[in-house]
Amino acid sequence: MPWRSTALVTVFVLAGSAFAAHAQEGERAPLDLFARALLVVASALLLWRLRRPVAVVFGTAAAVAVYLGAGYAYGPVFLTVAVACCSAVVAGHRRAAWTSLGMLWAVHLLVAHWLYRWLPPAGDAPAPLGQEIVVAGWVVAIVAIAELARIRREQWARERAERAQAARRRAGEERLRIARELHDVLAHSLSVINVQAGVGLALLDSDPEQARTALTTIKSASKEALDEVRQVLDTLRTPGDAPRAPAPGLDRLPELVEQAARAGLTVDVSGHAPRLPPHTDLAAFRIVQEALTNVVRHSGSRHARVRLDDHGTTLRLRIDDDGPATGEEAGGGGNGLAGMRERAAALGGTIEAGRRPDGGFRVLAVLPTRAGGNQ
């Protein structure tokens, strides 16, 4: 319950009404015990304005109507109705608030222009026109303040909801980014490790030296994978800090070719890439990496071709293999292709992937070479 604000309103209403009664002495009835009880009731009802806004707004209006009908002095008692009205409007009970305010105004008109003959104080005269204008002004002011409070409350609620939605969207995008990075790093390295482990097991007895070479490749690939995984995880531990090592880009394409060669895949690279923004450079590297990983895992061909074409504002990446496809996921229909498409779409680019008429498979990526994508 709003104890503090209600206590402040009660003190203000009692003190202000006493001052108003003194100023209107001889014109209105003096404050007695019943008047003070009405003032306390009208103020105390505000304790429940958050839980029972409709009951409070009608209760305060009724208490003030009785106060006016008894002929007591005009004063800050109207503040209780204003506070109750604002609370009801903000809570969504606009009709109840305006109904209670209209009823109170109707009671005032009846008392001021008709019932005054039979109600205290004795010898009272009808209210002048200027007083009615003042009362109408107060009613309009209460309506305006209540509506402004409602609009501001709804605006705050919308802003909070938008901030929460934006935070959830950023969190989701970050999870997808990390998932893509981990998938691309682990899928490529584990594919190399898997192939070399098979070679090592097959040659362990017949060609120990070649088996040793396979184990060396496994060690190197696992070390590189661990280093890149640590780099990704470092961004989670210290999200505001700069990464310890630069993100990979197309300048590391020779390393990628060498890793593919360790897995038994010959890769021919033609063309050259322009200077790219960091996000585009990383996306291009990961797309080539994932495409070569799919060749290692899902193609019967041991030969792939990578072509880079600079078209000024776009970079075209084409990765081909000669097939035939092997396995149920041949062609990269799993998370790898989805990750490539997400990377390209985030930069405003496109990915096309599918089987070629001659039985091979092609991945064609078109990426903008200028910053400005949805990064």
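This is a predicted model: local features need pLDDT of at least 70, side-chain atom pairs count only at pLDDT 80 or more; totals for chains, interfaces and linings use all residues.
Student: At what angle do the axes of H3 and H4 cross, and how far apart are they?

Tutor: An angle over 145 degrees counts as roughly antiparallel. The axes of helix H3 (residues 53-69) and H4 cross at roughly 160°. They come within 9 Å.

Student: Is the crossing of H3 and H4 left-handed or right-handed?

Tutor: The crossing of H3 and H4 is left-handed. On the H3 side, the contact is made by Pro53, Val56, Val57, Thr60, Ala61, Val64 and Leu68. H4 brings Phe78, Thr80, Val81, Ala84, Cys85, Ser87 and Ala88.

Student: How do the residues of that contact of H3 with H4 divide by class?

Tutor: There are 11 nonpolar and 3 polar residues, and no charged ones.

Student: Now H1 and H2. At what angle do they pack?

Tutor: Helix H1 (residues 3-23) and helix H2 (residues 33-44) pack at about 155°, with axes 9 Å apart. That makes H1 roughly antiparallel to H2. The crossing of H1 and H2 is right-handed.

Student: Which residues make the contact of H1 and H2?

Tutor: From H1 come Thr6, Val9, Thr10, Val13, Leu14 and Ser17. From H2 come Arg36, Leu39, Val40, Ser43 and Ala44. By class, this contact has 6 nonpolar, 4 polar and 1 charged.

Student: Let us turn to open spaces. How much space lies in the second largest pocket, and how many residues line it?

Tutor: The second largest pocket holds about 480 Å³ of space. Its lining has 22 residues. Nearest its centre lie Gly75, Phe78, Leu79, Trp138 and Ile142.

Student: Which elements give two or more residues to the lining of the second largest pocket?

Tutor: They are helix H4 (78-90), helix H5 (94-113) and helix H6 (129-203). H6 gives the largest share, 8 residues. The lining of this pocket divides into 19 nonpolar, 3 polar and no charged residues.

Student: Which residues lie nearest the centre of the second largest cavity?

Tutor: Glu224, Glu228, Arg252, Gln259 and Gln289 do, out of 11 lining residues. At least two lining residues each come from H6, helix H7 (208-237), helix H8 (253-262) and helix H9 (278-298). By class, the lining of this cavity has 3 nonpolar, 4 polar and 4 charged residues.

Methods. Residues are numbered from 1 along each chain as its sequence is written. Side-chain values use heavy atoms; hydrogens and water are left out. Axes are lines fitted to C-alpha atoms, for helices over the stretch in contact, and angles run from 0 to 180 degrees between N-to-C directions. Helices (H or I, at least four residues) and strands (E, at least two) are DSSP runs, numbered from the N terminus. Angles under 35 degrees count as roughly parallel, over 145 as roughly antiparallel, 65 to 115 as roughly perpendicular and the rest as oblique. A crossing is left-handed if the near helix is turned anticlockwise from the far one by less than a right angle, and right-handed if clockwise. Contact means heavy atoms within 4.5 Å. Ala, Val, Leu, Ile, Met, Phe, Trp, Tyr, Cys and Pro count as nonpolar, Asp, Glu, Lys and Arg as charged, and the others, Gly among them, as polar. On a 1 Å grid over the protein atoms alone, a cavity is a set of points where a 1.4 Å probe fits but cannot get out, and a pocket is an open set with protein on both sides within 12 Å along at least five of seven lines; lining residues have an atom within 4 Å of a point. Grid points are joined across faces, edges and corners, and a volume is the space filled by probe spheres set on the points.
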